[in-house]
Amino acid sequence: MSNNLQSAWKLNVAIASACLQGFAISYYGYVVELAKEENDSYEAMCDISEHVSCSKAFMSSYGKGFGIIPETSPFYIPNSVYGLIFYALVAILGMFNKYSTSALVVTLGVCSNLGSIYLAYILYILRNVCVVCVSTYVTNAIILILAVKKHRKLFRDGTNKRKKKKNKSE
């Protein structure tokens, strides 16, 4: 395996691993939210104290539709479902070593991090720390870093190929 292919493969595996982690965290969040909706006295492992509680965040008005999508919308779903979709999509797209697909993954990574900043601010407003939420924020940052690394690598590899082709034709 050439050095370029091996390097791209390592980044693909790292992105997929981070997505698997994010998917697992989001799935846990979804399970906790469903259990809490079914039984108000349910206490999740992530409910550590009054101000360190994932249930408090999930059950707030910001726990579905990011607090900005109207309740009447079909997109008014738990934020964790958006996470499940995001991580699955990025894991799939991250396997392609094409510049345009890589640009899409970087764009999705930027959007997820902007969402993380927004939701972190909401946690601050709620005076709450959500371990599950913060874990997804860290995972999103890791995905963005890896996606940018891969995108730069694909850009450099593509640029080098174009330069070599130009030099050969001269």
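The model is a predicted one. The protein contains five helices and zero strands.

**Fold and dimensions**
- Read from the N terminus, the order of elements is α-α-α-α-α.
- The C-alpha trace extends over about 75 × 30 × 25 Å along the principal axes of the protein.
- Of the contacts between residues at least 6 apart in sequence, 68% connect residues at least 24 apart.

**Burial and surface**
- Of the 170 residues in the protein, 38% are buried.
- The protein has an accessible surface of about 10,500 Å².
- Carbon and sulfur atoms account for 65% of that accessible surface.

**Charges**
- The protein carries 18 positive and 10 negative charges.
- A distance of 27 Å separates the mean position of the positive charges from that of the negative charges.

**Residue S80**
- S80 lies in helix 3, which covers residues 79-93.
- The relative accessibility of S80 is 11%, and the cut-off for buried is under 20%, so S80 counts as buried.
- Leaving aside residues up to four places away in sequence, S80 is in contact with S26, G29, Y30 and E33.

Conventions:
Residues numbered from 1 in each chain as written. Predicted model: local features only at pLDDT ≥ 70, side-chain atom pairs only at ≥ 80, totals over all residues. Heavy atoms only, no water. Helix = DSSP H or I, 4+ residues; strand = E, 2+ residues; numbered from the N terminus. Buried < 20%, exposed > 50% of the residue type's maximum accessible area, 1.4 Å probe, protein only. Contact = heavy atoms within 4.5 Å. Areas by Shrake-Rupley, 256 points an atom, 1.4 Å probe, with all protein chains shown as cover. Lys, Arg positive; Asp, Glu negative; His and termini not counted. Charge placed at Lys NZ, Arg CZ, Asp CG, Glu CD.
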